[in-house]
Amino acid sequence: MSSGPTILHADLDAFYASVEQLLDPSLRGRPIAVGGSARGGVVLAASYEAKAHGVSGGMPGWRAARLCPGLTFVRGSFERYQGLADEVMAVLRDVTPLVQRISIDEAFLDVSGATHLFGPPEQIGRLLRRRVREEVGLPISVGAASTKHLAKIASQVAKPDGLVVVEPGTEREFLDPLPVSLIWGVGPVTEQRLADRGIHTIGDLARSDRKAVERLLGRAVGSTLHGLAHNEDPRRVSTHTRAGSVGAQSAMRRVVPTRELVREVLSHLAERVAGRLRAKGRAGRTVTVRVRFAGMRAVTRAHTLAAPVSATLTITEVAEQLAWQAIGDQEEERPEITLLAVSVSKLTTQVAVQLELELPPPDPWRPGSPTGAARWALDRSMDAARERFGRSAVGYLPATMRRGGVPDEFRELAEHDL
């Protein structure tokens with residue numbers, strides 16, 4: 001078994017936009033946006049030509065059009081994305097069976113047992129990039145290092161369409177000048193909090209006192225990020241991981257929450273979460289809701305049920321109760337919200353529901369109660385109808401009323417399998 005930079009991170013470049021350019025050669029070399037339009041909507045992804053003008057995913061279409069006057073909007077070939085991404089993963093598995101897919105368009109590889117067949121990691125990276133380009137037609141960037149954290153950073157530095165290998169002994173030299181935002185888990189809020197303390201680069205973070213970072217970001221997050229800045233990452237490439245939770249979220253413009261709005265959004269999110277659970281024969285005991293308020297301040301509330309659930313109405317009702325708890329705890333009389341998220345954890349297998357005696361008081365949240373069992377049976381019937389006639393064939397009224405935003409087909413491509 002070889003040692004050294006034998007963990008690779010392979011990441012398809014501007015995947016959704018690259019697929020559109022692959023399918024329509026007239027789009028190649030031109031700035032394009034997947035989703036949205038010059039009149040509105042949301043940009044789901046952008047090509048590198050568009051990114052050079054400041055266009056990015058999640059941006060309103062009208063704003064993207066202003067930033068890039070020559071921008072071409074395309075609707076998105078959702079039916080092709082999964083298949084092409086699967087072809088890329090097959091190429092990766094030709095080199096090593098130790099492939100950990102972490103999203104539709106990126107994966108970690110452990111090539112320590114493959115170097116005697118294909119050469120050193122740098123040579124394997126070149127081989128993978130050539131084969132993906134020739135056999136699938138898509139650009140891919142590869143980073144190679146001794147840890148997963150460092151390999152992922154290397155692949156980001158390699159973009160677009162490049163290869164970066166971090167040799168043992170050069171980690172500090174490589175990491176120190178890079179922006180702290182490249183660390184896995186550092187988002188805009190954390191980046192700003194670090195910047196307020198004069199911490200802009202990974203080297204700045206590594207030189208900072210660990211306890212001070214923990215006080216700034218919280219013990220768990222601060223300790224983890226400080227360790228990653230020192231390339232402390234014991235995680236190995238795992239091919240047998242199973243999700244411990246399933247969730248969905250919906251961002252929105254700043255709005256004052258109403259009963260109708262919260263019910264509509266949470267019903268839509270609960271339907272997506274519950275549908276994924278039932279499709280895999282799973283259920284969960286803990287329902288968690290996250291509410292993000294104006295100013296990027298987020299509040300989380302959770303409730304653990306006596307028995308695991310996967311019924312859409314039950315998850316919706318629990319989520320509503322939690323969301324209004326979070327909203328009601330705010331000091332402002334009419335707080336504005338910008339995001340709602342629902343997740344279910346403490347998962348277990350649920351291929352059938354055991355009926356219970358009707359014990360007082362009646363509890364519709366118990367899956368085996370008459371009401372709980374009826375909800376589960378109704379959901380399974382609707383799942384079957386959707387499987388045959390399509391997603392829009394049937395649904396709960398609040399969820400079906402929700403229109404616009406990011407298409408569910410696109411969201412599901414980015415969701416981890418259970």
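**Close-up 1. Helices H13 and H14.** H13 passes H14 in a right-handed crossing, a term used when the near helix is turned clockwise from the far one by less than a right angle. The model is predicted, so that local features need pLDDT of at least 70 and side-chain atom pairs count only at pLDDT 80 or more, while totals for chains, interfaces and linings use all residues. Residues are numbered from 1 along each chain as its sequence is written, and side-chain values use heavy atoms, with hydrogens and water left out. H13 covers residues 259–279 and H14 residues 312–328, and the two pack at an angle of about 135° with their axes 8 Å apart; helices here are DSSP runs of H or I with at least four residues, and strands are runs of E with at least two, numbered from the N terminus. Axes are lines fitted to C-alpha atoms, for helices over the stretch in contact, and angles run from 0 to 180 degrees between N-to-C directions. The angle makes H13 oblique to H14, oblique being what is left after under 35 degrees (roughly parallel), over 145 (roughly antiparallel) and 65 to 115 (roughly perpendicular).

**Close-up 2. Helices H11 and H12.** H11 (residues 210–217) and H12 (residues 219–229) pack at an angle of about 135°, with their axes 7 Å apart, and are therefore oblique to each other. Their crossing is right-handed. Arg210, Val213, Glu214 and Leu217 in H11 meet residues of H12 that include Val221, Leu225 and His226.

**Close-up 3. The loop between H7 and S8.** Proline 160 lies in the loop between helix H7 (148–158) and strand S8 (163–165), and the peptide bond that joins lysine 159 to proline 160 is cis, with omega near 0°. Aspartate 161 is in the loop between H7 and S8, and has a positive phi, near 55°, although it is a residue other than glycine. Most residues other than glycine have a negative phi, and most peptide bonds are trans.

**Close-up 4. The cavity.** The structure holds one cavity of 30 Å³ or more, a cavity being a set of points on a 1 Å grid over the protein atoms alone where a 1.4 Å probe fits but cannot get out. The largest cavity has about 40 Å³ of space, a volume being the space filled by probe spheres set on the points, which are joined across faces, edges and corners. Its lining residues, which have an atom within 4 Å of a point, include Val309, Trp365 and Trp376.

Note on methods: On a 1 Å grid over the protein atoms alone, a cavity is a set of points where a 1.4 Å probe fits but cannot get out, and a pocket is an open set with protein on both sides within 12 Å along at least five of seven lines; lining residues have an atom within 4 Å of a point. Contact means heavy atoms within 4.5 Å.
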